[in-house]
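Biologist: Could you walk me through this one while I have it open?
Modeller: Gladly, ask away once it is on the screen.

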Amino acid sequence: MTTARPGKSRHNRALPLVLLSAGLVVMAAPFVWMGLASFKTAPELSASPPVWIPTEWTLENFSELLDKLDMPLYFLNSVIVATLVTVGNLLFCSMLGYALAKLNFAGRSQIFALVLGALMVPGNLMLLPLFVLMSRMQLLDTHAGLVLPFAAGAFGVFLMRQFMLSVPDEMLEAARIDGAGEWFIFWRIVMPLVKPALATLAILTFLQSWNNFVWPLIATNDPDKYTLPVALATFATDPNQADGSNGVLMAGSFLVVLPVLLVFAVLQRYFTQGFATAGLK
Amino acid sequence: MSTTTTDRVATSTAGPGPSAPAGRARRSRAGVHHLAGWLFSTPFLVLFATFMAMPILATLAMSFTDFGLRNVTDPFSAEFTGFENYTRLFEDEKFLAALFNTAYFVAAGVPLTIGLGLVVAVLLNSGIDRMRTFFRVGFYAPVVTSIVAVAVVWRFVLDPGDGLIAGLAAEVGLTSPDFLGSEALAMPSLIVMAVWRNLGTVMVLCIAGLQAIPTEVREASRLDGAGAWQEFRRITVPLLRPTLLYATVITTIGYLNVFEEPFVMTQGGPSDSTLTVSLDMYREGFSYFHMGYASAMAYVLFVVIMGITVLQLRLLKDNTK
């Protein structure tokens, strides 16, 4: 296709490349700025004109951050909550996804309609009563309170149903004739076949929970139960810390963002493909 | 989507019938799994009912009461006040400002996000092979990062004293405006940040959509002498319409709920110029515990979201016929 007129196609290819490279510089600039600022000394952080590359790399922002914020604890809280939310979604969404895709039962189409409807409801609509409910259940300031409302999302059901539709019915019928129960079929036959979908759902759910902010902000008062974004936002909006904390804040953001960016760079296929598939199917 | 669903259902129920006419009665009973179906559905349904369906109805109920802090421990003593919360809302200048600001954010942010996402996708689809993954990762990276962390970073980037923009301005002998401290510039700054963060989502959707356009169509248009712009206008955009529709709907819903950006970067200021509906609702509900009033806000926002979504589906879909 491109061999016919090499001169023209080379020209056609150069322009997009230039534009994309310029765009990429803009996209990366805030991250690069954050990374460099994390390692700058206080005078270099507030220098004008700015010092772009630190002349003296320092870890003092990170040590100050750890003095002021119990980052390991918030990190642990985020990991616990995100892990439990992910496990819940993998199990419960797959179960319903299997029922919707492969079991013929009264009420199935109504439940599927419910799932599709739930996809469109904005999360903010539930916050107020959810707070009252969690307060009555004594679940504020607990991990359970942060996990339960997100333990089975409609998106996961939709994703798993779409993938499970492609499992051949003959395979399930054969197992049934051999006397296998539905749980056995689900757990031993269907789940292994949809592993790529499970991986996609796991990554997307973990990420969503990791970055979740509004509910953890509302449901935690005790700083010991803060997740990373809540701790960072609370510190960033604390008027007592407003001055001269840019270095600490950049170090904090760096620690929140870096693991996600690294995982994303390695597993990017799952992110983008899963997202596009789920959206378009 | 609905057609494939019914097809699948049809084949799965018709499947066993003709293959084994002798065991028909037994088979058709075996093809129905009422008990298993409901058992597999139960965990999701219980969580859904408790943490979604019930709260959605409770928000509606609360919006007709004077639900306040004392009702958190005693919910049923809240007093019924009819439509008072709703009538007060539309006289509340703060809320009207929040509605306006949210509309501003959506009206400027959505077209920019969709437009730039589409442009990046088209550029990536124009014959770059080797660098493709690299660029895709780069443009998508902000989507996966925490909005809070990103907002904290952008606040510093936009800092008029020692931020990135101020530094660039100083290099060329200019002074940077105080982006987040100015009533005129604060909202545009939040919009630029939102576009930066979300265009990767649109890009990924558009790349998937572009790859579904048959190359024959493009080649035919080129043979007919179409230039790059004509090809974009007459081939790419019309054939991408379903993708763009979907991207527009999800971006609009996300932007109507905008919360973290003003919460971290401006706290709604200066003088409420970046106060959004979600932020106003959060404050009324969880800072002042005017929970009945905040519930009414939540429902107004919900109705607006549903209305706009339905409108977009209608408007953009009919054009394809």
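**Helix H6 of chain A and beyond**

Modeller: Bear in mind that this is a predicted model; in H6(A), the residues that are buried are Leu127(A), Leu128(A), Pro129(A), Leu130(A), Phe131(A), Leu133(A) and Met134(A).

Biologist: How many of the ten residues of that helix is that?
Modeller: Seven of the ten are buried, so by the cut-off of 20 or more other C-beta atoms within 10 Å helix H6 (residues 127-136) of chain A counts as mostly covered.

Biologist: What happens just after H6(A)?
Modeller: Just after the helix, Gln138(A) takes a positive phi of about 60°.

Biologist: Where does UniProt place the transmembrane regions of chain A?
Modeller: The unreviewed UniProt entry places them at residues 74-99, 111-134, 146-164, 185-207 and 248-267 of chain A. Residues 111-134 of chain A are 75% helix and 0% strand, with end C-alpha atoms 26 Å apart, while residues 248-267 of chain A are 100% helix and 0% strand, with end C-alpha atoms 29 Å apart.

Biologist: Switching topic, how many residues of chain A are in contact with chain B?
Modeller: In chain A 83 residues are in contact with 83 residues of chain B, and helix H14 (residues 246-280) of chain A gives the most to chain A's side, with 17 residues. That side of chain A divides into 62 nonpolar, 15 polar and six charged residues.

Biologist: And which residues of the largest nonpolar core touch the most other members?
Modeller: Met203(B) and Met297(B) do, in a core of 159 residues, to which helix H10 (residues 183-211) of chain B gives the most, with 15 residues.

Biologist: What is Met297(B) in contact with, leaving aside neighbours within four places in sequence?
Modeller: Met297(B) is then in contact with Leu89(B), Phe95(B), Val277(B), Asp280(B), Met281(B) and Glu284(B).

Definitions and conventions:
Residues are numbered from 1 along each chain as its sequence is written. Chains are lettered from A and ligands numbered from 1 in the order in which they are written. This is a predicted model: local features need pLDDT of at least 70, side-chain atom pairs count only at pLDDT 80 or more; totals for chains, interfaces and linings use all residues. Two residues are in contact if their C-beta atoms, placed from the backbone, lie within 7 Å. Helices (H or I, at least four residues) and strands (E, at least two) are DSSP runs, numbered from the N terminus. Ala, Val, Leu, Ile, Met, Phe, Trp, Tyr, Cys and Pro count as nonpolar, Asp, Glu, Lys and Arg as charged, and the others, Gly among them, as polar. A nonpolar core is a set of buried Ala, Val, Leu, Ile, Met, Phe, Trp, Tyr and Cys residues joined through C-beta atoms within 7 Å. A residue is buried if 20 or more other C-beta atoms lie within 10 Å of its own, exposed if 12 or fewer, and partly exposed in between; C-beta atoms are placed from the backbone. UniProt positions are given in the numbering used here, feature names are shortened, and annotations may be inferred rather than shown by experiment.
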